[in-house]
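This report covers salt bridges and backbone angles in one protein model. The sequence and structure come first.

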Amino acid sequence: MRLLLGCMLAIIVSLPVRSEELSRVDFPLLLGDWYWFSDMPVEQAPHPYKAINLSFNSNYEFRIDLLRHDGQLETAAGQYDINENILRLYDNEGIEQRHAYQLNHNQLQLQGAVFTKLLPEDLSGLWRSHSISGEDVSEHVDGVSLQLRPDFLFAMQVRGDDGSSVTHRGVYLVEGDNLMLIYRDGRHSSQFQLAADTLRLTNDVFGMEAVLERQ
C-alpha cells in the first residue's frame, strides 16, 4: 500500500516555476475564471450589466470584464489581496475596494452576486491510463484512473497488480498548463497537455509521464 501511494504522488507531482507559484498561494480556491449572468429582463434589472467575468491568477493579479446590456464592455485590472474575511482589489489607478466574500471550490459570493467557476479546458470526465513511464514508476502499478468533475472535484485512484488500490479525493485547480490537486494530505501539481480524448500528465523533475484516455 505504501509503495502504491508513493508511486501516485510521484506521478502527479511536478515542480516547474509556475507550479511553485500555485503552491505558495494562500487561498488557491480563488484562482481561475468566475462568471455571473443576469437572469432578469433588461427593463427590470437594477444595474446595466448582462454578464461579469472575474479572473484571479497566482501572481495576485485580477481582471474584471463587465458586459453591459447595450453590448459595451467595461474592464478593470490590478492587484488583489485576500484574507479569511475580506477580498481587496487595487486597480491600476490606485483605487482600493474592499469586499466581504464567501468562497468554495466552484462558487464565489461577492456583493450579493453568486459567481460560478468554469473550466478553461475540456478537462472534465473520467480518464484511465494508457501508459505510465518513468524510472521511478513501480512495475507493480497496474493503472491510474482520474475523475475530474465540472465542479472542480476530483478522485484519483492508483491500482496495483495485486488488486489493491489507493484513492485521493479533493479539489483541483487549473492555471495555464498546470493542474493542481488539493486533498486532505497536501497539494501537488503536474503539467498537462490535452489533445482530443488524450490527457498527458508530465513530471519534468523525475522525467515521468502518464498518458490517460477519456472513458
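Is Asp 151 buried or exposed? Asp 151 is buried, with a relative accessible area of 18%; buried means under 20% relative accessible area, exposed over 50%, and partly exposed in between (1.4 Å probe, protein chains only).

## Basis

The model is predicted: local features need pLDDT of at least 70, side-chain atom pairs count only at pLDDT 80 or more, and totals for chains, interfaces and linings use all residues. Residues are numbered from 1 along each chain as its sequence is written, and side-chain values use heavy atoms, with hydrogens and water left out.

## Salt bridges

The whole structure holds eight salt bridges, each defined as a side-chain nitrogen of Lys or Arg within 4 Å of a carboxyl oxygen of Asp or Glu. One of them joins Asp 151 to Arg 149 at 2.5 Å, N to O. Arg 149 is partly exposed at 37% relative accessibility.

Arg 214 pairs with Asp 122 at 3.7 Å, N to O. Arg 214 belongs to strand 16 (residues 208–214) and Asp 122 to the loop between strand 8 and strand 9 (125–133), so the pair ties together parts 92 residues apart in sequence. Strands (E, at least two residues) are DSSP runs, numbered from the N terminus. Arg 214 also meets Asp 197 in a salt bridge of 3.1 Å, N to O.

## Positive phi

Gln 111 has a phi near 55° and sits in the loop between strand 7 (107–110) and strand 8 (113–118). Ala 196 also has a phi near 55°, in the loop between strand 14 (186–195) and strand 15 (198–203). Gln 111 is exposed at 62% relative accessible area, and Ala 196 is exposed at 72%.

Technical notes:
Helices (H or I, at least four residues) and strands (E, at least two) are DSSP runs, numbered from the N terminus.
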